[in-house]
Amino acid sequence: MESLEAIRFSRNGDSASLALLEQRLLPLQTQWIQIDGPKAAWNAIYDMTVRGAPAIAIAAALSLAVDLVNNGGGAQFDSPAVAAAHVIEQMDFLVTSRPTAVNLSIAATALKGLAEREARAAGATATSVTGAVVGACQAMLADDVAANKSMGRHGSYALLAASQARGRASSGRVSVLTHCNTGSLATAAYGTALGVIRALHEQGRLEHAYCCETRPYNQGARLTAYELVHDGIPSTLICDSAAAALMAAGKVDAVVVGADRIAANGDTANKIGTYCHAVAAHHHDIPFFVAAPTTTLDPDLDNGTFIPIEERSPEEVTHFKGQRVAADIPVWNPSFDVTPAPLIEGIITERGLVPRAAGSASNSFAVRSWLAAAAAARDGGEQGTNGLAAAAAQTKALATHPGFQALDCEGIKAYVAARPQLAKHVGSPDSSDDWQVREIGDGNINFVYVLEGPAGSLCVKQAPPYVRAAGESWPLTQDRVRIEAAVLAEEAAHCPQHVPALYHFDARMCIIAMQYLPPPHGIVRKGLIEGRTYPLLATHLASFLADTLFHTSLLAMPSDKFSANVARFSNVEMCRVSEQLIFTDPFFPAPRNRHTSPQLDADVATLHADVAARVAASRLKVKFTQQRQALIHADLHTGSIMATQDTTFVIDPEFAFYGPMGFDVGKILANLLLMYFACDGHATEADPRAQQREWLLSAVAELWAGFQRRFCELWRQHGAKGDACSASLFDAAASKEGSAAQQLAEQLFMAELWRDAVGFLGVVMLRRLVTFAHVADMDSIADADARAACERRALHFGRHVLANAAGVSSVQQLCDLAQAARQAGQLPGGAV
């Protein structure tokens, strides 16, 4: 498809040409206007032949380039100083064409400064001055395209994350409203706000785009609609006054607009009508974003009250096609309005999102400090680079709900006390001063609090906008809280005996509250490290896996409900974390990787060079990404299970999504086997851990056998309800063929599931040994040599079963291989 463009510039030796698309005639006519210099450009900008803040700046600069090249390339000036004076004069003149759009002013300042510096340089000539200025003008065109595409990438993530933080866009696809025109026709190409919509569409994350007509000049109806149709983007045109009603109808997940000037506090001037949309979005709890290049940021203006607002001709309101359609009445026709910073969720630029100002309670943005850090980074200073990184690290907060506030123990106490439906589990709010609150989260992702009082106890989890174990350097979607709440409810519907009760979900604060499991309940991983065994763990986990996986699969559901569930539990960002950590990072020296060094250096280097392991992991990654079999927990390890000798509860399903069943099965088996290999490192003379090792292998065998048995029982009882194996073809009671088909389907299905589980088991073990966030089973072994010996055996076992999953035909063979791996050199081929 031919790309849309509004500016055509070319240079051939001593001649240059500039043509601007006559946007006032779109979409009915396509006409190009030749621009021979700054005066023609001034008229084109003022008359809105070209419009859009970035395009205005580029058109103005290129008109100067045409003037300089075609009138002598510098030979027309008597001296470098005269050449610089001409550049200054022309740019000052061009700025008067549209005073609100700061991009033009910034470009003019930059070009004037360049001309003055070149004129003062040793050996300067008029030709060298004009050559430098023309080169800078030409670079603006290419730089704008690259900046817009970068802006689109940053913005697509921000819109999706902010929408999902509010419980919107649960399908992973966003419906977006935009105003005015901010696409290829307003920039060099691709666009700012419309570039974000283009990026979402290219990524498969756009549900629908809504563009407002943008009265009185109709840039939305004439231009944005034209671009959306041209690119085949699903879209609808609405009247400006219909936007609030569209939001009330639940049709909008996010709003993204452009900007003509952004003040130091984040107040933003954009096309008239933008402020109305921001107010409506705030009322309907819809994230409102601004997308603009850094050239639109004006650190010299403290706030939006200092932004000059251009007023247009009354005829734009009173006349249509040259004929008056309004009464003879005074007209106020501002071209722009200012949206206050508190209404703005985030400011998207080509360098990322502008961070909030410290201590501002999210009411303003740190435009000045962020720009200063960016400028220092461009200059190559170490301090500047660190400053930019620090500023960038704050941007993930903009993906949170504006009302989000990270709570500590006292904050959690106040939160619960203010909500009677939660306080009743702990005690009367009047007694909250006597409640005990402690933070117990030992996982890698979230903060977890326990409240205890006279009436009982409560567990409250809050998700920060980053990975807890890594801190703010690793932003992470807070939509994981919505996923966890929905998954807990779904799992409880099928297996309530092994899922804690969910009491409360708060999308704004990214909080869930649930049943607290008091002692003797404990995290299974901790218990295993201490040497405990859990007699019913395998049986309970087999039931949990079979019940939740079967009942959420197409074996038990009609296809329409199944498809709706796949969309409902879309968990894109958390899946991306798993895809990276599990299927990619173990096989190369990723930045966050770590291992016991130097003891395992050679083993890890061998793994990184293992072609077969890379290929096997890649095949599993495709299956993990594409196979939508059932709602899987996706993080089922011994740290996500609380148990006693008699009970078992599965917790922390924030990674859940519709994926391959074998992943859940393989992951829990992998974690049991990791502890099996770690036992030697925890052994003492008093407790050699022999009994625990034996129990762990028996648990592996019992878990698989129990899962297979229960799953097939459910299939025979409820399979007629699902569309995977239609009752008309697989009803064992109806015909001999139906019975045979049922048996063969079960046999083939379970064989494939087992192969998947073994492969996933192998790659999960590798991930826990050589990448970010190990397991405490190994890390708690104090002696590095002893720990490395345990890890080496587990590492080679994991690699072997990953690369040879098809050859591991039974759970007994898997256990035999684990025993052999524990005895160095006993794997097939002497791998250990």
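The questions and answers below go through a predicted model of one protein.

Colleague: What radius of gyration does the protein have, against that of a compact globule?

Modeller: The C-alpha trace spans about 95 × 65 × 65 Å along its principal axes. For 832 residues, a compact globule would have a radius of gyration near 28 Å. The value for this protein agrees with that, at 32 Å.

Colleague: What percentage of the residues count as buried?

Modeller: A residue is buried if its relative accessible area is under 20%. The accessible surface of the protein comes to about 32,200 Å², and carbon and sulfur atoms hold 53% of that. Of the 832 residues, the buried ones make up 56%.

Colleague: What share of the contacts with a separation of 6 or more joins residues 24 or more positions apart?

Modeller: A contact here is a pair with heavy atoms within 4.5 Å. Among contacts with a separation of 6 or more, the share from residues 24 or more positions apart is 74%.

Colleague: Is Glu 746 buried or exposed?

Modeller: Glu 746 is found in helix α25. Beyond its neighbours within four places in sequence, Glu 746 is in contact with Cys 712, Trp 715 and Arg 716. The cut-off for burial is under 20% relative accessible area. Glu 746 has 7%, so this residue is buried.

Colleague: Which residue in β10 stands opposite Val 257?

Modeller: Strand β7 pairs in the parallel sense with β4 (residues 174-178) over two bridges, and Leu 177 has Val 255 as its bridge partner there. β7 also pairs in the parallel sense with β10 (residues 288-291), over three bridges. The residue opposite Val 257 in that pairing is Val 290.

Colleague: Which residues of β7 point the other way from Ala 254 and Val 256?

Modeller: Side chains in a regular strand alternate between the two faces of the sheet. In β7, Ala 254 and Val 256 point one way, and the four named residues of this strand are all buried. Those that point the other way are Val 255 and Val 257.

Colleague: Which residue in β14 is the bridge partner of Val 290?

Modeller: β10 and β14 (residues 346-349) run parallel and are joined by three bridges. Both faces of β10 are covered, with Phe 288 and Val 290 buried on one side and Phe 289 and Ala 291 buried on the other. Phe 289 has Gly 346 as its bridge partner in β14. For Val 290 the partner is Ile 347.

Colleague: Which residue in β9 is the bridge partner of Ile 262?

Modeller: An open sheet of three strands has the order β8-β9-β13, with antiparallel pairing. Its edge strands are β8 (261-262) and β13 (336-339). β8 pairs with β9 (residues 268-271) over two bridges. The partner of Ile 262 is Thr 268.

Colleague: How many disulfides does a search of the whole structure find?

Modeller: The sulfur of Cys 495 is 17 Å from the closest cysteine sulfur, in Cys 712, and so too far for a bond. The sulfur of Cys 790 is 8.6 Å from its closest counterpart, in Cys 679, which is also too far. Cys 495 is buried at 0% relative accessible area, and Cys 790 is buried at 2%. For the whole structure, the number of disulfides found is zero.

Definitions and conventions
Residues are numbered from 1 along each chain as its sequence is written. This is a predicted model: local features need pLDDT of at least 70, side-chain atom pairs count only at pLDDT 80 or more; totals for chains, interfaces and linings use all residues. Side-chain values use heavy atoms; hydrogens and water are left out. Buried means under 20% relative accessible area, exposed over 50%, partly exposed in between (1.4 Å probe, protein chains only). Two strands pair if DSSP finds at least two bridges between them. The radius of gyration is taken over C-alpha atoms; the globule rule is 2.2 Å times the number of residues to the power 0.38. Accessible areas come from the Shrake-Rupley method with a 1.4 Å probe; for residues, only the protein chains shown count as cover. A disulfide is a pair of cysteine sulfur atoms within 2.5 Å.
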